[in-house]
Amino acid sequence: MTEKKHGPMKLSDIGDKSTPSKPLTSKRNEPVHEKDRSKKVGQSVPSADSLASDLLAKAEGLRTKKAASLFQEEKSQVETNEKQVLTGEITAIEVQKNKKRFNIYIKGQFAFGVSENTLVKFALHKGQVLDQAFITDIQQVDKEDYAYQLAVRFLSYQLRSEKEVKDKLTEAEIEPDVMAKVIKKLKAVKLIDDTMFGQAYTRTAMNINKKGPNVIARELKNKGLREEEIDKSLKEYDRATEVENAYTIAEKYFKKQLRKGSHRNASQKTNQYLVQKGFDSDLIQELMQRLAEHYQDEDQELAVLHKDLDKYMRRYKKLSGKELIFKVKGMLYNKGYPLDLINQALWEYEEDI
């Protein structure tokens, strides 16, 4: 077999239809078409406009984040400045309107206010230089002095319990730690003494208001006194005074009720009134027996019954006969009149018609 000689390749041979061209293949020997090539190239390489847009978006995000960070820093700085106390040299001290407090000016600006006691205690004067630690001490002492003076004024009108003073200081928004120091100081000088307060309160309620022991005990408990303090206080209320007060109240109230209605109704209302005034049930029962014996006056009760009878006859005038009598008798009986007295009054009423 003879070897075929090849001559040099001519330009006309390139792309010649008679010469089959070998298709392009990928690394995996798969054919790659021109459309697919251009599509993949377009996806993997972003355009210039797209790159510019992405860069602008990132830059805008960085600017927004930086602006937010700066705003937060400024806000924190403002809050810090608001909490900082003006320090430096005192340039002026002015009296406030109430004459017992003073305004302190540092570097020509108002710094804080103090009471006269605080001013004297720290010997504050024009030209004095104050640092923040010293000002903090001044303000703490001034808070305590303000709370103390407030409590003293509250106690100057009358004795108060510890709870009442605490309620007053709480109302004035005094801080708990300051309040505790003030209460301790007031106790030390006996301006707060719940036992002494309870005894004085009992004497006043007993002699002036004629209250019973039960009401006084309840009121002292509401004012914050402990059980042992209440017991000591009620020892001021002797039995003789209790009986005298109860009878005075009962007699006056009983006579008033007798003018309005039946004997039985007056007794019931007087009993309830004495309970409300704080007297013991045993004492009340004893007093009601005494009043019933002393004020057993049928003529007076009959006179009051006639007034009620006339009132009910007018109210139920649309009724007649037995229906009217039955209705009126029921109303009178409910008011506490005895049946024999009701029948007597009805008989007298019919006689007068």
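Predicted model: local features only at pLDDT ≥ 70, side-chain atom pairs only at ≥ 80, totals over all residues.
The pairings are α4 with α6, α5 with α6, and α7 with α9. The glutamate is residue 219, which sits in helix α8.

**The annotated stretch**
- UniProt, in an unreviewed entry, carries the annotation "domain: RecX first three-helical" for residues 147-186.
- Along residues 147-186 the chain is 80% helix and 0% strand.

**α4 against α6**
- Helix α4 covers residues 132-157 and helix α6 covers residues 176-188; their axes come within 9 Å and cross at roughly 50°.
- That angle makes α4 oblique to α6.
- The α4 and α6 crossing is right-handed.
- On the α4 side, the residues that meet α6 are Gln140, Lys143, Glu144, Ala147, Tyr148, Ala151, Val152 and Leu155.
- On the α6 side, they meet Asp177, Val178, Lys181, Val182, Lys185 and Leu186.
- Sort the residues of this α4 and α6 contact by type and you get eight nonpolar, one polar and five charged.

**α5 against α6**
- Helix α5 runs over residues 162-171, and its axis comes within 11 Å of the α6 axis, with a crossing at roughly 145°.
- This crossing of α5 and α6 is right-handed too.
- From α5, the contact takes in Glu162, Val165, Lys166, Leu169 and Thr170.
- From α6, it takes in Met179, Val182, Ile183, Leu186 and Lys187.
- By type, the α5 and α6 contact has six nonpolar residues, one polar and three charged.

**α7 against α9**
- Helix α7 (residues 194-207) and helix α9 (residues 227-234) have axes that come within 8 Å and cross at roughly 40°.
- With that angle, α7 counts as oblique to α9.
- The handedness of the α7 and α9 crossing is right-handed.
- α7 brings Asp194, Thr195, Gly198, Gln199 and Thr202 to the meeting, while α9 brings Glu229, Lys232, Ser233 and Leu234.
- The α7 and α9 contact divides into one nonpolar residue, five polar and three charged.

**Glutamate 219**
- You'll find glutamate 219 in helix α8, which spans residues 213-222.
- Its side chain makes a polar contact with the side chain of lysine 211, at 2.9 Å.
- Set aside the neighbours within four places in sequence, and glutamate 219 is in contact with Tyr201 and Lys211.

Terms used:
Residues numbered from 1 in each chain as written. Heavy atoms only, no water. Helix = DSSP H or I, 4+ residues; strand = E, 2+ residues; numbered from the N terminus. Polar contact = N/O pair within 3.5 Å; in protein donor to acceptor, adjacent residues only side chain to side chain. Contact = heavy atoms within 4.5 Å. UniProt positions renumbered as here; feature names shortened; annotations may be inferred. Axes fitted to C-alpha atoms, helices over the stretch in contact; angles between N-to-C directions. Parallel < 35°, antiparallel > 145°, perpendicular 65-115°, else oblique. Left-handed = near helix turned anticlockwise from the far one by under 90°. Nonpolar A, V, L, I, M, F, W, Y, C, P; charged D, E, K, R; others polar.
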